[in-house]
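Reader: I would like to go through this model with you. Please give the cut-off behind each term you use.

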Amino acid sequence: MKNKKLYIIDDDKLSVKLMSMLIKKNQTCDEVHAFFNAQSALEELEKNSNDNDKLPDGILLDLNMPVMDGWQFLDEFILFPIKKEISIFIVTSSIDPVDIEMAKKHTFLKGYIMKPITAEKLKEMSKMI
């Protein structure tokens, strides 16, 4: 299934570049929007919260970022009155068992994916969006 729009929220520019290239190569979606901090992504989501066409189909979210981490993003995201279902995946290099357990408590998350993203992982995520 090809998705229309995907947000990548990650402060690591190299990770964002590699994920974007892989997504484009595998034609997983039409548009990729990168945010290098979660606060910027929240502002964009809030601005477009009433227009489903401007909202993403999926979000690839890193956990460890300055300004606002992935957990803080999720805490804010669930407060938005967004009617569209947006599939959110944690995409991180964290192998911390605390992070993995915390992700399980966020039942709306679609998955906890370890970096680096591969074509196989991307294909599986795409099926869930």
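Author: Start with a helix pair. Ala38, Ala41, Leu42 and Leu45 in α2 meet Phe73, Glu76 and Phe77 in α3. By class, this contact has six nonpolar, no polar and one charged residues.

Reader: What makes a contact here, and what makes a residue nonpolar, polar or charged?

Author: Contact means heavy atoms within 4.5 Å. Ala, Val, Leu, Ile, Met, Phe, Trp, Tyr, Cys and Pro count as nonpolar; Asp, Glu, Lys and Arg count as charged; the others, Gly among them, are polar.

Reader: What kind of model is this, and how are residues numbered?

Author: The model is predicted: local features need pLDDT of at least 70, side-chain atom pairs count only at pLDDT 80 or more, and totals for chains, interfaces and linings use all residues. Residues are numbered from 1 along each chain as its sequence is written, and side-chain values use heavy atoms, with hydrogens and water left out.

Reader: Why are α2 and α3 called roughly parallel?

Author: The axes of α2 (residues 38–47) and α3 (residues 70–77) come within 10 Å and cross at roughly 15 degrees. Axes are lines fitted to C-alpha atoms, for helices over the stretch in contact, and angles run from 0 to 180 degrees between N-to-C directions. Angles under 35 degrees count as roughly parallel, over 145 as roughly antiparallel, 65 to 115 as roughly perpendicular and the rest as oblique. So α2 and α3 are roughly parallel.

Reader: What is the handedness of the crossing of α2 and α3?

Author: α2 passes α3 in a right-handed crossing. Right-handed means that the near helix is turned clockwise from the far one by less than a right angle; anticlockwise is left-handed.

Reader: How do you know where helices and strands run?

Author: They are DSSP runs, numbered from the N terminus: helices are H or I with at least four residues, strands are E with at least two.

Reader: Is Asp62 buried or exposed?

Author: Asp62 has 5% relative accessibility, so Asp62 counts as buried. The cut-offs are under 20% relative accessible area for buried, over 50% for exposed, and partly exposed in between (1.4 Å probe, protein chains only). Asp62 is in the loop between β3 (58–61) and α3. Beyond four places in sequence, Asp62 touches residues including Asp10, Asp11, Thr92 and Lys115.

Reader: What does UniProt list for Asp62?

Author: An unreviewed UniProt entry lists Asp62 as "modified residue: 4-aspartylphosphate". Such annotations may be inferred rather than shown by experiment.

Reader: Which residues share that loop, and are they buried or exposed?

Author: Met65 and Val67 are among them. Met65 has a relative accessible area of 10%, so Met65 is buried. Val67 has 68%, so Val67 is exposed.

Reader: What makes the phi of Val67 worth a note?

Author: Phi of Val67 is near 70 degrees, a positive value in a residue other than glycine. Most residues other than glycine have a negative phi, and most peptide bonds are trans.

Reader: Which peptide bond is cis?

Author: The bond from Lys115 to Pro116, with omega near 5 degrees. Pro116 lies in the loop between β5 (111–114) and α5 (119–128).

Reader: Why is Tyr7 called buried?

Author: Tyr7 has a relative accessible area of 2%, so Tyr7 is buried. Tyr7 is in strand β1 (residues 3–9). The C-alpha atoms of Tyr7 and Phe35 are 28 residues apart along the chain and separated by 7.3 Å.
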